[in-house]
Amino acid sequence: MFGLGTVPSAIMFLGCLWLPESPSWLVSRGACEDAREVLVRLRGTIDVNEELQAIETVCKEQESYDEKSRFYEMLTTPSTMKALLVGCMLVSMQELCGINIIMEEFHLSSFWQELIVSVAIGTAIIGASLGGFLNQRLGRKPMLLACALVFTIGAVVEAIAASRNGLLVGRLIVGLGIGGVSITAPVFISEIAPWRIRGRLVTVYCVFFVGAELVAAIIDVIFSPYKKTGWRFMFGLAAVPSSIMFLGCLWLPESPSWLVSRGACEDAREVLVRLRGTTDVNEELQSILAVCKERESYDKKSRFHKILTTSSTRKALLVGCMLISMQELSGINVVMFYSTTIIQMSGVQEDQLALWLAVVVYFTGFAFTFVGLYLVEKLGRRKLLLGSLAGVILCLSLLGGAFYLAKQHDAAITFIERVPSNISNSCPDTGYCLDCLGVGEKCGFCYAKDSANNPMSGSCVPINVSSNVNMAAFGRCGRNDHTVTWSYQACPFQYAWLATVALVLYIAAIAPGMGPLPWTINSEIYPLWARSTAYGFASAVKWTCNGLLSMTFLSLTEWITSFGVFWLYGGISLLGWLFFYAYLPETKDKSPEELEYLFS
């Protein structure tokens, strides 16, 4: 079996002998004629002059950067540490809620659980709303520093919390930092990056985000067995990337666009020279000056009112908000928040297995974000986003189908346990497993297995609330009977892997396109005079939709069933796809001047 592995590698070796060299690499080495021959062979035509000239132009631009400026340009990525700290917080909170560590530590009611989860999202909306104003008043760099500091303080407060009130205060502080930086980092990247690689750098921002989710998920699996102190490490470790972000931002330059808007044109020129690695920055500086002059004419008026009354910016804001809202309403953060819960709902019984399967989901998102990083400047924004959203619609349909099959094959309650006289039992004694686990009485499902490993003789029994391991209060599963299985989080389902596969495919579809592109396009489509305000509004829409879905997902699974929820998300995504097909323009390779008139 291992020997057969040499066959495809040998075929690959032989096949590569007939492959041509990359035309871009040949041009970078001065072999333009060889590059022309390769292009003629690949394209099947001798009319390759235009493509060859485009390659030569890009290579000359790359050569214009010296090593210092290339390194300095890479320093724009510390601003994407914002994504790392946001991901750490969100996934840590999700995993904590999934394994009930905080609930057991602080004896939280259902109301307090929802409050702890959602309060950071609420203050993130406030932070996003204020962030657009503050990063224009204070500057992009000071805003990034302030948000990193706020988040670090919030994470420390969470980690040392001695009560639920202390934890709540920490969550409030963390949310303000998240909301403020969520609108500043993408705007900063788009303003400081050369416009030809603008989309790729904003996508790098999303790579950090999903990378953080993966790291945080692994950390949470490691610390989950330590229920007394593990959650403190989960929260406290989130202060590490925010501290790194703070230190990294000390070396960042201020945005040239913001400097020009404050009349510091010489400072803006120095920043551009350092970033571009050349003194020939007059054209770019003049472009920024022209936009800033236009912006000054609106300073005395309500800028948001001007956005709404100007046709082009109103259309841009509508498209931008639709992109952000569809990203949320397609279920991306619900899946991330509740990935462990979704996996358990599909029938996976073991907590640790469900947590590790969630890690697989996060790894898929991380890996396929690199696919988006490659394709964003190849296919363009419009094609990549429409293709990604089409895949999301299909995968949501498959995910709903997996839960529909679980409902159809649900194990029946056919066995009635003998109830001790000193215990009150309000769990149902008829129906199915999902009916048992779905009631608000803290019930679990006890069942035996037949020769084919199918559930049989199922009973619904209250959970022993005084037990630290959530055992059955009485009956077969309450006395260590090894002939039966106890389940209080998920119903037995032979094909539970279908939901996990559908979940992984969903992440693979959304990660390259609908994950990063709403942010990429939002950082491009607004004129400079409206950018901070419009981006702040779009970010507030994002956090509002995020909170709405996060606080209603579990309730919706009870009202319209789990498969109904995913089909609902799929239907909303289909409406979004139709909207983008009709109204979303291509922004790839558009200069700032061209983007100004994109919606005119």
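Reply:

**A buried glutamate and its surroundings**

Glu-158 has a relative accessibility of 1%, and because the cut-off for buried is under 20%, Glu-158 counts as buried. The model is a predicted one. Glu-158 belongs to helix H9, which covers residues 140-159. Leaving out residues up to four places away in sequence, Glu-158 touches Leu-167, Gly-170, Arg-171, Val-174, Trp-231 and Phe-235.

Val-38 is part of helix H3, residues 32-43. Its relative accessibility is 7%, so Val-38 counts as buried. Once residues up to four places away in sequence are set aside, Val-38 touches Pro-20, Glu-21, Pro-23 and Leu-26. Of these, Pro-20 lies 18 residues from Val-38 along the chain, and the two C-alpha atoms are 6.4 Å apart.

For the chain as a whole, 53% of the 600 residues count as buried. The accessible surface is about 27200 Å², and carbon and sulfur atoms account for 63% of that surface. The secondary structure consists of 28 helices and three strands. Among contacts between residues at least 6 apart in sequence, 75% join residues at least 24 apart.

Next, the nonpolar interior. In soluble globular proteins, nonpolar side chains tend to be buried together. Here the largest nonpolar core has 78 residues, and those with the most contacts inside this core are Leu-385, Tyr-506, Tyr-526, Phe-566, Tyr-569 and Phe-580. Helix H26, residues 528-559, supplies the largest share of the core, 11 residues. At least three residues of this core come from each of domain 2 (80-278) and domain 3 (302-408 + 498-599). Apart from this core lies another, of 25 residues, including Met-143, Leu-144, Trp-258 and Leu-275.

The three strands form an open sheet in the order E2-E1-E3, with antiparallel pairing. Strand E2 (455-462) and strand E3 (485-487) stand at the edges; each has a single partner strand, so one side of each is left without a neighbour in the sheet. From one strand to the next the twist averages 25°. In a regular strand the side chains alternate between the two faces of the sheet.

The pairing of E1 and E2 can be given in more detail. Strand E1, residues 443-449, pairs with E2 in the antiparallel sense over six bridges. Cys-443 has Pro-462 in E2 as its bridge partner, while Lys-449 has Pro-455 in E2. The hairpin of E1 and E2 has five residues between the strands, and in this hairpin Asn-453 takes a positive phi near 70°.

Methods:
Residues are numbered from 1 along each chain as its sequence is written. This is a predicted model: local features need pLDDT of at least 70, side-chain atom pairs count only at pLDDT 80 or more; totals for chains, interfaces and linings use all residues. Side-chain values use heavy atoms; hydrogens and water are left out. Helices (H or I, at least four residues) and strands (E, at least two) are DSSP runs, numbered from the N terminus. Buried means under 20% relative accessible area, exposed over 50%, partly exposed in between (1.4 Å probe, protein chains only). Contact means heavy atoms within 4.5 Å. Accessible areas come from the Shrake-Rupley method with a 1.4 Å probe; for residues, only the protein chains shown count as cover. A nonpolar core is a set of buried Ala, Val, Leu, Ile, Met, Phe, Trp, Tyr and Cys residues joined through side-chain atoms within 4.5 Å. Domain bounds come from an automatic or database domain assignment. Two strands pair if DSSP finds at least two bridges between them. Axes are lines fitted to C-alpha atoms, for helices over the stretch in contact, and angles run from 0 to 180 degrees between N-to-C directions.
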